[in-house]
Amino acid sequence: MPPSSAALLRWYDRHRRTLPWRALPGRTADPYHVWLSEIMLQQTTVAAVIPYYHRFLDLFPTVGDLARAESDTVMAAWAGLGYYARARNLHACAQAVAAAGGFPRDVAGLLALPGVGTYTAAAIAAIAFGLPVVPVDGNVERVTSRLFALTDPLPGARKAIARHAATLNASPEAQARPSDFAQALFDLGAGICTPRQPACALCPWREPCAGLRQGIAAGLPAKAPRTARPVRHGAHFLLADAAGHILLRRRPEKGLLGGMLELPGTEWRTTPWPEAEALPHAPAHADWRPAGRVTHVFTHFTLHVDVYAAQVAHFPNSVARIGGMAVTHADLDTLALPSLMRKCVAMAWPEP
């Protein structure tokens with residue numbers, strides 16, 4: 001028995017989540033709000049995103065405001081959400097949309113925008129423009145794999161899951177309400193078909209669910225065994241002057257944390273940095289003391305950073321070679337400083 005779109009939509013009309021970027025019933029979603037939330041929600045939870053979303057709308061009420069903003073202002077507003085390439089793409093996308101006079105209203109046009117992939121394009125198309133497509137995020141993957149009892153493990157099963165998910169909106173009811181149908185799938189995965197202990201007794205699709213019938217729903221989607229996350233090591237240096245400033249520099253635009261600010265330091269490598277080998281990379285000759293170790297987990301590796309601290313009367317002229325900038329504690333809240341570096345600063349330079 002195919003799943004009933006009408007049953008899902010009836011459930012959604014009663015139980016839909018209230019989210020700041022979601023249009024009220026009967027209203028049309030703002031594509032800027034949908035796009036902004038979808039970019040922020042990548043690799044991040046709804047609870048974590050909400051304060052950032054409100055902050056962005058306060059700073060950049062329209063896509064044109066975001067396009068005209070300085071890059072540092074955008075990166076500073078994003079700091080703490082992680083995956084900073086998303087923020088650079090967000091700014092570039094806003095500039096492209098503003099230059100074009102608005103968001104493209106078709107999937108192909110949306111896919112051509114910086115930082116917009118298959119899922120995000122489908123989500124904007126369905127939610128903001130009412131196109132009958134099924135965006136497949138983690139929630140929809142889980143619902144689909146359980147509904148059809150797809151047992152091949154992720155990530156290899158993603159294409160097969162997407163093919164099955166694309167059939168879910170074939171009915172006239174789903175085609176008539178593509179925005180609501182897409183969001184109903186999201187809410188079903190987030191509130192009923194959850195990763196652990198799904199509430200199958202409350203599910204509007206429990207009858208046609210093959211995973212439930214076979215008793216395997218809670219274990220789907222299957223996942224391939226994880227490989228051990230590699231470990232890297234680095235050393236960073238907090239140099240303070242008598243006036244209450246510390247020295248920061250900007251990372252290269254390309255690469256991890258590109259364009260963000262950091263404490264000067266070494267490269268990140270697979271072997272530890274002994275103190276004698278790390279100190280020649282310090283930004284100035286000073287009486288350096290070990291301040292502790294910070295551990296930070298990125299998507300693909302774990303980083304251990306040995307933090308060193310020192311104080312001088314004033315910064316030497318030589319720091320200009322590294323593009324150094326002097327900042328105070330009060331400046332930190334307005335700067336594009338990633339959470340890794342905030343940990344390092346907090347360890348070596350307590351607030352006054």
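Helix 5 (residues 71-78) gives the most to the side of domain 1 that touches domain 2, with three residues. Helices (H or I, at least four residues) and strands (E, at least two) are DSSP runs, numbered from the N terminus. That side of domain 1 divides into five nonpolar, no polar and two charged residues, where Ala, Val, Leu, Ile, Met, Phe, Trp, Tyr, Cys and Pro count as nonpolar, Asp, Glu, Lys and Arg as charged, and the others, Gly among them, as polar.

The model is a predicted one, in which local features need pLDDT of at least 70, side-chain atom pairs count only at pLDDT 80 or more, and totals for chains, interfaces and linings use all residues. Residues are numbered from 1 along each chain as its sequence is written, and side-chain values use heavy atoms, with hydrogens and water left out.

Seven residues from domain 1 and 14 residues from domain 2 take part in the contact, meaning heavy atoms within 4.5 Å. The size of an interface is often given as the accessible area lost when the parts come together. Here, domain 1 and domain 2 bury about 780 Å² between them, 52% of it on carbon and sulfur atoms; buried area is the accessible area (1.4 Å probe) that two parts lose on being put together, summed over both.

One salt bridge is found across this interface, the term standing for a side-chain nitrogen of Lys or Arg within 4 Å of a carboxyl oxygen of Asp or Glu. Arg250 and Asp72 meet through their side chains in a salt bridge, at 2.9 Å from N to O.

Over the whole structure, the search returns 12 salt bridges. Among them is the pair Arg16 and Asp180, at 4.0 Å from N to O. This pair links distant parts of the chain, 164 residues apart: Arg16 sits in the loop between helix 1 (5-15) and helix 2 (31-41), and Asp180 in helix 12 (residues 178-191). Asp65 and Arg68 form another salt bridge, their closest N and O atoms being 2.9 Å apart. Both residues belong to helix 4 (residues 63-68), three residues apart, about one turn of the helix.

An unreviewed UniProt entry carries the annotation "domain: HhH-GPD" over residues 40-191; UniProt positions are given in the numbering used here, feature names are shortened, and annotations may be inferred rather than shown by experiment. This stretch, residues 40-191, is 66% helix and 0% strand, with its end C-alpha atoms 20 Å apart.

Turning to strand 5 (residues 302-312), His304 lies within it. The His304 side chain makes a polar contact with that of Thr295 (2.9 Å). Leaving aside neighbours within four places in sequence, the contacts of His304 are Val231, Arg232, His233, Gly234, Arg293, Val294 and Thr295.

A cis peptide bond joins Leu154 and Pro155, with omega about 5°, and Pro155 lies in the loop between helix 9 (138-147) and helix 10 (158-165). Leu220 and Pro221 are also joined by a cis peptide bond, with omega about 0°.

Technical notes. A polar contact is a pair of N or O atoms within 3.5 Å; within protein, one must be able to donate a hydrogen and the other to accept it, and residues adjacent in sequence count only if both atoms are side-chain atoms.
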